[in-house]
Amino acid sequence: MLFRFIKKTPNLNFIGNRKFFFLTSGILSIVSIIFMIIKGLNFGIDFKGGLLIETSFSKNIEIVQIRTKLRGIVPGDFSIQSLDNSKSNYLIKVETYSSVKGNNQKLISEIKSNLNKEYTDVDYRRLEYVGPTVSKELIKAGIYSILIAIGAMLIYIWFRFELPFAIGAVIALIHDIVLTVGMFSISSLEFNLATVAAILLIIGYSMNDTVVVYDRIRENLKKYRKISIILLLNKSVNETLSRTINTTATTILALLALFIFGGNIIKDFSFAMIWGILIGTYSSILIATPVLVFLNIKRNENKED
Amino acid sequence: MKKINTKFLVTLFIIVFSLLYAIPALFQNHKLFPKYFDAKSIRLGLDLQGGSQLLLQVETEAALNEKLQNFTEDIRNKLEENKFSFENISKVDNKVIISFTNKNSLEKAFKINKDFPTLEFKRDDLLINASFNEEYLKDYNSSLMIQSLEIIRKRIDEVGTNEPIIQIQGNQRILVQLPGLKDPDRIKSLLGKTAKMNFRLVDEKNMQSINEKKYFVGSEIIEHADMQVSYVIKKRVGVSGDNLVDASASVDQFNRPIVSIRFDSIGSRKFADLTSKNVGKRFAIVLDNKVISAPVIQEPIPTGNAQISGNFTFETANDLAILLRAGSLPAPISIAEERTVGPSLGKDSIKAGSVSLMIAFGLVLVYMFLIYGKVAFIANSVLIINILFLVSWLVLLEATLTLPGIAGIALTVGMAVDANVLIFERIREEQLLGRSKISSIETGFSQAFRAILDANVTTLIAAVILFFMGSGPIRGFSITLGLGVFSTIICTMVISRLLINYFYIQNRERNLKL
């Protein structure tokens, strides 16, 4: 075909250059962790608790106008952000405090009535309030679900392959998660429930990619008994490279469409997934497979399939 | 090739069946599409159709506290009734503590534990601690939740929204979903009120010293709901709001909004008693620890019909009537989480979601064609059927489609071709090894199947975990992602195979170029 990138099975030396990739990933992971520790994450209201109101005004107004309107009634910090660079769509985020129970509902109605008094036809497009107990539970649920996902993948790969494969896959997974969370820390993008969902998808996708390569390695281990492990791993990666690239390409294309045309609400979600899928593809080729060199995979005791 | 023909027919039947569900659901509101037989539509999540989701926290501790406070009084009465001597009795946190001056009187008094089967009595030096026993707490909690659920349902039904979902979630929470609700504020204010009403006498004797003293024996200070006045009100309840049978909003002779109420027989008797014995005195109508009004009793009211006048507007009078009709909540509730999407954002999201889905579809189809040429015809046809399956399953299972759910469909579009790619690449390799056409297709499929299955199971695991972790929109994502995995596997193993067989085995003149 005219556009076919890889006509024959390529022969790129991925495994031979493993030290370079490990070093790169190692540095990136350390940078990510340092950022997570020092800068932290920009948690959304799902995890921090708080109030979010998306408003649409019938005429253009300035941020300052809303700010002065709200300053008197909101007791804590709040931020106002313009959406789609318009002067009529705004996102108001308010930090709420748990000390006064029930007052947050009062705050919501006060904000609304104050805006309604000043402007006609205010459209409250979205309102989200997450109370302090719920946000704590959501953090817990988020952390648990990621840990459970990693555990489930470990067990599944162990069950379908051998333990070294499972360990290799999990190392790659943790790498993907660290780099994704690190990216959120560095870019200050909002980290919320949807981000956790994206991380879970990334775990699933990265495993998906890794499994296809591993499947090929398992097969080649039976087929070629003479060649060295390094060559065998390299051969397997190269044989599946065309498939890996094509699948990643179609998935990224689909996600790009969401990112560009899907609207504000899923923009960050799509971005997290695009990033994670790129990282996941990278890691299944350049981390999950080369790491097997160190994990002592057995050649002769292959399971019958 | 008879076998293939039967398979082909069955597959065709399934495809047509899915189309019958999927197409009307997809184009239901389209002008060009005629409305034919009872078309089922996709159920849209609150983020797409607009509406409110509220997570209500039932403060069961508050109800238990109140209950224990009542028990404290009961125990005190019982002790006094039996002339058991004790030093002091009070409620501290979740315990009733009775103190004694000597062991002897403690042992005598301990016998009253038989009169309170729901409490557990424990000796502790010169003290008796009484607290609710575990079993009772559990029963009480669940009955409290069920009662709360019933009353919340009544209140929401009174306001009238379409198809509300109200369910108990966990130990202390009630999830309320109100699709298509335009003004959540009204329902929120209705749900937030306990609506515990009672009629109590004003403690006229102590009214003069209201500013000097803070505590009164048998009375308490209660503020007016709207005015800057306070009253000293007797703790003893004259008539409780539980004895109401009906309440409705109406107007008095001056056209001011009022709430008319009617008591049941016990309530009527008590009310008649209260009003006949206290003519000329004031009684207060207390709602959720605020005085609504404190009128002077002009004459005895024996009928059991009464009117509440206060600083009402027509709307607040109507709301109060609704609350009184639905009954009071057994425990206060608060809003722990709220997610409301207005109808305009919902419409925008549907538009943005479908546009991006179409574009994702188009991009993937074109990419496949550019990379694989004619063979992409198979992958692309399978992809289209795959998505139709997915949509028809959503309709059949009455699953909820959310905006992240649309993202899940787009992801399925992106990831689904993978299975076909794996098969194509595999068949190509088998051919390069010198196998025959039929044999390379057979081996290609069986070799690729293992990888396809293993790879898809990992995505499925992620989807299942997401399903249990997430609620609302995120759950919608896990549903389309999970269903997408199933339909991808089925489509690849059945339809791809059929198509490849059809094009390359049946039509002998074609070469298998992959």
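Two strands are said to pair if DSSP finds at least two bridges between them, and strands (E, at least two residues) and helices (H or I, at least four) are DSSP runs, numbered from the N terminus. The structure is a predicted model, in which local features need pLDDT of at least 70 and side-chain atom pairs count only at pLDDT 80 or more, while totals for chains, interfaces and linings use all residues. Residues are numbered from 1 along each chain as its sequence is written, and chains are lettered from A and ligands numbered from 1 in the order in which they are written.

**Exercise 1.** Find the bridge partner of Y129(A) in strand 18 of chain B, and describe how strand 5 of chain A and strand 18 of chain B run.

*Solution.* Begin with the residue: Y129(A) has E338(B) as its bridge partner. Then turn to the strands, where strand 5 (residues 123-130) of chain A is joined by five bridges to strand 18 of chain B, and the two run antiparallel.

**Exercise 2.** Describe the side of chain B that touches chain A, by element and by class.

*Solution.* Start with the contact as a whole, which takes 61 residues from chain A and 58 residues from chain B, where two residues are in contact if their C-beta atoms, placed from the backbone, lie within 7 Å. Next, look at the elements: those of chain B that each supply at least two residues to this side include strand 18 (333-341) and helix 10 (343-372), and helix 10 of chain B gives the most, with 16 residues. Finally, sort by class, which gives 35 nonpolar, 13 polar and 10 charged residues; here Ala, Val, Leu, Ile, Met, Phe, Trp, Tyr, Cys and Pro count as nonpolar, Asp, Glu, Lys and Arg as charged, and the others, Gly among them, as polar.
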